[in-house]
Amino acid sequence: MYLLQEIIFVFFTLLTLVSAVYMAITTNVIYAAFSLLLTFIGVAALYIFASAEFIGLTQIMIYIGGILILIVFGVMLTNKVGNQPIRAKSINTVSGLLLSSALFTLLMNSIMEINFSKLPWIKNGLMVSGNTTPIIGVNLMTQYLLPFEIIAVLLLVALLGASLIAGRKDN
Amino acid sequence: MITLVILALVGLFLMIAGLFDISRKAVFGVAMTGMVAALAGNLYMWDKVPMAYFNRMILIDNYDVAFITAVLGVSMFLFLLSENYFGKIQNYLTEHYALYMFSLVGMIAMISFNNLVMLFIGIEILSVSLYILAGSEKNNLSSNEASLKYFLMGAFATGILLMGITLIYGASGSFYLSGIEQYFTSGNELSPIAYIGMFLVLVGMSFKVSVAPFHFWTPDVYDGSPTFVTAFMSTVVKIAGFAAFFKLFYICFSSVIHYWVEVVSVLVILTVTIGAMTAITQKSVKRLLAYSSVSHAGYMLMVVLVGADADNLMFYVVAYSISSIVAFSVLMLVQEAAGNAEITSFEGLAKVNPLLGFAMTVSMLSLAGIPLTAGFMAKVYILTSVFNAGHGIVVLVAILTAMVGIYYYFKVIIAIYFKTATEERKLFTYNSSSLFKIVLFIGIIAIIVLGICPDIIHNLI
Amino acid sequence: MDSVIKIIPLNAYIILSAVIFCIGIVGVLTRRNAIIIFMSVELMLNAVNLLLAAFSSYSGDANGQVFVFFIMAVAAAEVAVGLAIIVMMYRNTGSVDIDLLNKLKN
């Protein structure tokens, strides 16, 4: 009955995973940046599946429109594209894989043990229905007003710092 | 709350002031005045009914007032030493000051948080400012490396911390400390993701406060940053980090202490041991102080391990910060004169400049934990409470490593008193302004007074 | 949208984000190019965001999604500073390999 939705979900899951793995192993920095793009798109689609449409669109705007563009700029500013792409090798492959798979096993073990219907908030709560955007907006301006204002300080620090650090005028 | 607003406004004011041509003294004056005003606004909250602001996003009680006072007091103390550091900055002076003010905003948000959103944003404001300050010597490769390593490790730690927060939210359904506390104290069977969340939060916070084995970035970052920034990171930032760490674990997870107490005691043992063992071989005093800050982090973590007695933490951070600042101020002067921070640069310092030699000796004694100094009383309080909580092995390891510590702190003292300076070094003039002398005097007196009658600060909270 | 949520179990989201998170960790631990390490960190943050959004939707509590919003803002700030630092380093050393720094210093 829901076969189509399931197929689409699986498609985006695979897109996300495959491009994430490719990003982590490729030696070409430009390819890594582009596979990160696919990961971001896949995750954005998954947000929409989790009925977080606003977050999904924000993901496209902030991550793809902002962060990824900056990363590509970073790649271009730091790699001799005209000459030859700088190869980025891996080290500590074995120990890194071991540590990560240990954490993964731990996570999987506990996830498999969970009976989600037992969680108190799942038992009582209702699933989100309809549009969550107005709720997020109201929350930002009421309950989360202080973090919303303080994050302005963070953005200011970032602007200030980026121009201090990357500016050509030396101290 | 008013403290936070004042500091943010002072930061903004300084940035605007940068547009006009104002003197260095005026900038310094504005920053100091701002901090004094913030401190006054903070002390006004002392012993009032705990106040919650903005839908309980932050909640200020005596614990927070005490730690914010420590953060502001220590940074004012440190700013008195800033003349040489800021003197070297030719361009964008006010922006540097503004970054310090904003990092203080972050620390205050971090200490007084009542919701994990505030904790997260506070940590980020602090970290982002520090990444920049660590790299502020743009032409120095070590400074670049410090900045880059700190940034990459900091961002990685943030990711882990956030995963922890998310899993705890998944289990408890709340970001408020009270909601999480309720979930953990409810007595119902806890979801496995709550444990993993707790564990990941522990790892993330350990990264941020440089607890072993997550401390590997510390020596390079502390060594590469400008010495003033190193002093700032190893004192003020540590106070804020541990205040948040203790608050989070004390309020949220103390009811399930039996699940994490063993992990934390292993971390404590590793931290004090690795800190002491690696400090032995160091030839540079700056690196030695970096490793010593790792091993002191182990002692501060013991308070988290006991899960009670915020007084001990308060006393320890104050004693440690004052001793460190005295050590760093001497280091800054010696580094200025000799051009490097090697122990050999300290040889014969007592003859060339007795005040600096004596100040360094007192601070080393205090960091090593020799009786009659503040550092000794701080260690006694913490080790007593750890022993009473039944962690005999931790106390044993701590005492053994403290003895190792005496060895490397005394290496510096021996260099100061029993070695003779080279002819060239005898001619060094240590450019100590009157502000430096005032700080050294206050520091020495505070170390000794706190060592003899610790009750001035202890038992306040 | 209700129906879509019901056909995909919450478990799927949790496992998926655990996998993405671990890929990110592998990237951070094994790569030596500062930019790729940074991309891996972004991957970890994405895993966190996805999990938060899923928890939030399945519990009918919008707080999680607000948190995602804050994480995105912080990530944007971090990337600006981070790339500035990487560019500064490239300008001084001509490389973004984090091991090269140690060699250059000695």
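Modeller: Happy to. A nonpolar core here is a set of buried Ala, Val, Leu, Ile, Met, Phe, Trp, Tyr and Cys residues joined through C-beta atoms within 7 Å. A residue counts as buried if 20 or more other C-beta atoms lie within 10 Å of its own, as exposed if there are 12 or fewer, and as partly exposed in between, with C-beta atoms placed from the backbone. Please keep in mind that this is a predicted model: local features need pLDDT of at least 70 and side-chain atom pairs count only at pLDDT 80 or more, while totals for chains, interfaces and linings use all residues. Residues are numbered from 1 along each chain as its sequence is written, and chains are lettered from A and ligands numbered from 1 in the order in which they are written.

The largest nonpolar core holds 284 residues, and the members that touch the most others are B:V71, B:M101, B:V105 and B:A240. Helix α4 of chain C, residues 63–93, gives this core its largest share, 20 residues. Helices (H or I, at least four residues) and strands (E, at least two) are DSSP runs, numbered from the N terminus. In chain A, domain 1 (1–88) and domain 2 (115–171) both give residues to this core, so it lies between them; those bounds come from an automatic or database domain assignment.

Two residues are in contact if their C-beta atoms, placed from the backbone, lie within 7 Å. Setting aside neighbours within four places in sequence, B:V105 is in contact with B:L4, B:L7, B:A8, B:G11 and B:I125, and also with A:V153 of chain A.

That brings us to where the chains meet.

Between chains A and C, 71 residues of chain A are in contact with 65 residues of chain C. Among the helices of chain A that each supply at least two residues to this side are α1 (3–25), α2 (29–49) and α3 (53–78). The largest share, eleven residues, comes from α3(A). By type, the side of chain A that touches chain C has 50 nonpolar, 19 polar and two charged residues.

Chain C itself consists of five helices and zero strands, and 71% of its 106 residues count as buried. In chain C, 43% of the contacts with a separation of 6 or more join residues 24 or more positions apart.

Chain B has 20 helices and two strands. Its 461 residues are 61% buried, and 79% of its contacts with a separation of 6 or more join residues 24 or more positions apart. The C-alpha trace of chain B spans about 75 × 55 × 40 Å along its principal axes.

One helix of chain B deserves a look: α12, residues 257–280. Its 24 residues reach 34 Å from first C-alpha to last, close to the 34 Å expected at 1.5 Å a residue; the expected span is 1.5 Å times one less than the number of residues. Its buried residues include B:W260, B:V264, B:L267 and B:V268. Among the elements covering the buried residues of α12(B) are α9 (192–208), α11 (227–253), α13 (285–306) and α18 (392–418) of chain B.

Finally, some backbone details. Most residues other than glycine have a negative phi, and most peptide bonds are trans. A:S51 has a positive phi of about 50° although it is not a glycine; A:S51 sits in the loop between α2 and α3 of chain A and is buried, with 24 other C-beta atoms within 10 Å. The peptide bond from B:A212 to B:P213 is cis, with omega near 0°, and B:P213 lies in the loop between α9 and α10 (218–224) of chain B.

Note on methods: Nonpolar A, V, L, I, M, F, W, Y, C, P; charged D, E, K, R; others polar.
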